[in-house]
Amino acid sequence: MDHGLKALEAVLAIARRGSFRSAALDLGMSTTALSHSIARLEASLGVRLFNRTTRSVSLSDAGRAFVDRIAPAVAEIRGAMETAQSQRLTPSGLLRINASVQAGREIAPLVMAFLRRYPAMQVDLVTEGRLVDIVAEGFDLGLRPADLVPRDMIALPLGKPQRYAVVASPDWVAAHGLPRTPADLPPKDCLRVRLPNGALFRWPFERDGEAVQIEAQGRLTLDEAAIARTAVLDGAGIGFFIEQDVADDIAAGRLTRLLADWTPPRPGFSLYYPGRRNPSAGFSAFLAMVKEAAARDATIGR
């Protein structure tokens, strides 16, 4: 029986994502086509690989055993294909990158330049808050703040240092005045930020070696910067952001920056990846462009 690599990749994608819809998006095919492919494979094998309900998808016992057996073999085939592709003079194929939303904005111009330089390449840039295992989830590269990069990864600095920005609407400042230190912030006016792991973010401040953390106690808790920005613009209270998310609002006077001297620069983003023996030509070409950009930024910064 020959079910083809695509069918096996489909099984692994569904097992990894726990959803036909998410797996279909990863694979670049319709949910219907993916479902039919799995149905044909199950009919051929004579077993059900997945238990399906209207709300969830999970591996059956037979499916779990099947995935355990094929996963190493598919990884070997991928490696063999990458080895062959590395011999190409012209980079081609798909590069998958996982990034936070802010990091995705940072790398987008470089991705566009890469696609212009290498017309045979494709890039799938996935932005999400949670910190994923890029190897287990089939990504070639990850992009996160330098202090969040897993220790077992190879990392390359990318972009400028980042800063936090604490902001409020001009009306809030007119009513409450400008705080001079973090202790002057009224906690009940500070919007709470929920991190991707579910924990509440404690606002970090630092000046002249003195570090302070504030626990926001506002009535509104959010996990998405764009919604938080809208809430602060509407006068909901004080917000804590990555500077680039509100820089335009500060420049235009729509938001007032607070405690700027308590938010020093912090490490920028790092592009990271596992060590690999035979990187594809496209992977190597993208890393070369990242290093070019880093060298250019360093020269400009002198």
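**Exercise 1.** Which residue caps the N-terminal end of helix 2?

*Solution.* Before starting, note that this is a predicted model, in which local features need pLDDT of at least 70 and side-chain atom pairs count only at pLDDT 80 or more, while totals for chains, interfaces and linings use all residues. Residues are numbered from 1 along each chain as its sequence is written, and side-chain values use heavy atoms, with hydrogens and water left out.

Step 1: helices (DSSP runs of H or I, at least four residues) and strands (runs of E, at least two) are numbered from the N terminus, and helix 2 covers residues 20-27. Step 2: the cap is serine 19, which has a side-chain oxygen 3.2 Å from the backbone nitrogen of arginine 21. Step 3: after helix 2 comes glycine 28, with a positive phi near 70°.

**Exercise 2.** Determine which residues of helix 2 are buried and where they lie around the axis.

*Solution.* Step 1: taking buried as under 20% relative accessible area, exposed as over 50% and partly exposed as in between (1.4 Å probe, protein chains only), we find that Phe20, Ala23, Ala24 and Asp26 are the buried residues of helix 2. Step 2: these residues cover an arc of only 160° around the axis, so they are on the same side of helix 2; the arc is that of the directions from the helix axis to the C-beta atoms. Step 3: Arg21 and Leu25, on the other side of helix 2, are exposed. Step 4: the buried residues of helix 2 pack against helix 1 (4-17), helix 3 (31-45), strand 1 (50-52), strand 2 (57-59) and strand 3.

**Exercise 3.** Describe the surroundings of aspartate 26.

*Solution.* Step 1: aspartate 26 has a relative accessible area of 16%, and is therefore buried. Step 2: leaving out residues up to four places away in sequence, aspartate 26 is in contact (heavy atoms within 4.5 Å) with Arg16, Arg17 and Arg96.

**Exercise 4.** Which residues touch the most other members of the largest nonpolar core?

*Solution.* Step 1: a nonpolar core is a set of buried Ala, Val, Leu, Ile, Met, Phe, Trp, Tyr and Cys residues joined through side-chain atoms within 4.5 Å. Step 2: the largest one has 24 residues, and those touching the most other members are Ile107, Leu110, Phe114, Leu141, Leu143, Leu271 and Phe286. Step 3: among the elements that give two or more residues to this core are strand 3 (93-99), helix 5 (101-117) and helix 9 (281-300), and helix 9 gives the most, with seven residues. Step 4: apart from this core lies another, of 21 residues, including Leu8, Ala23, Ala24 and Phe50.

Methods
A polar contact is a pair of N or O atoms within 3.5 Å; within protein, one must be able to donate a hydrogen and the other to accept it, and residues adjacent in sequence count only if both atoms are side-chain atoms.
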